[in-house]
Amino acid sequence: MKERDILTIAVKAADDKRAEDILALNMKGLSLVADYFLICHGNSEKQVQAIAREIKDKAEESGLNVKRLEGFDEARWILIDLGDVVAHVFYKEERGYYKLEKLWGDAPIENIQNELSE
């Protein structure tokens, strides 16, 4: 499966659980960790966990191996490692504190509008 297909699965899963400010950064050539970072947030710990669980479940249903899932119990910043895509699901305040978008400001933003429901 291509990395863009993995990103699409993660974006749609996050969107299904009403994640907010879903953003994908194209990390190709910038990071050895992944080709894409998916960043989004939820407004409660339960929502953050629901978003992360949905990403994990949809990835596994598609035959992907979830390499790592960290931070689920705390639900402040959950990292889901899908190999070529790493999803970062934040609690709203944590996202504002860590500002990954700014930290990786040189990474181009990937157009994911077609994957989002209107």
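Start by selecting Glu61 and Lys58: both sit in helix 2, 3 residues apart, which is about one turn of the helix. (Helices are DSSP runs of H or I with at least four residues, strands are runs of E with at least two, and both are numbered from the N terminus.) This is a predicted model, where local features need pLDDT of at least 70 and side-chain atom pairs count only at pLDDT 80 or more, while totals for chains, interfaces and linings use all residues. Residues are numbered from 1 along each chain as its sequence is written, and side-chain values use heavy atoms, leaving out hydrogens and water.

Now show the side chains. Glu61 and Lys58 meet in a salt bridge, 3.7 Å from N to O (a side-chain nitrogen of Lys or Arg within 4 Å of a carboxyl oxygen of Asp or Glu). Glu61 is exposed at 61% relative accessibility, and Lys58 is partly exposed at 30%. (Buried is under 20% relative accessible area, exposed is over 50%, and partly exposed is in between, with a 1.4 Å probe and protein chains only.)

Glu54 counts as buried, at 15%.

Next stop: Arg4 and Glu115. Their salt bridge has its closest N and O atoms 2.9 Å apart. Arg4 lies in helix 1 (residues 3-16) and Glu115 in the segment after strand 6 (109-110), so the pair ties together parts 111 residues apart in sequence. Arg4 is partly exposed at 24%, whereas Glu115 is buried at 13%.
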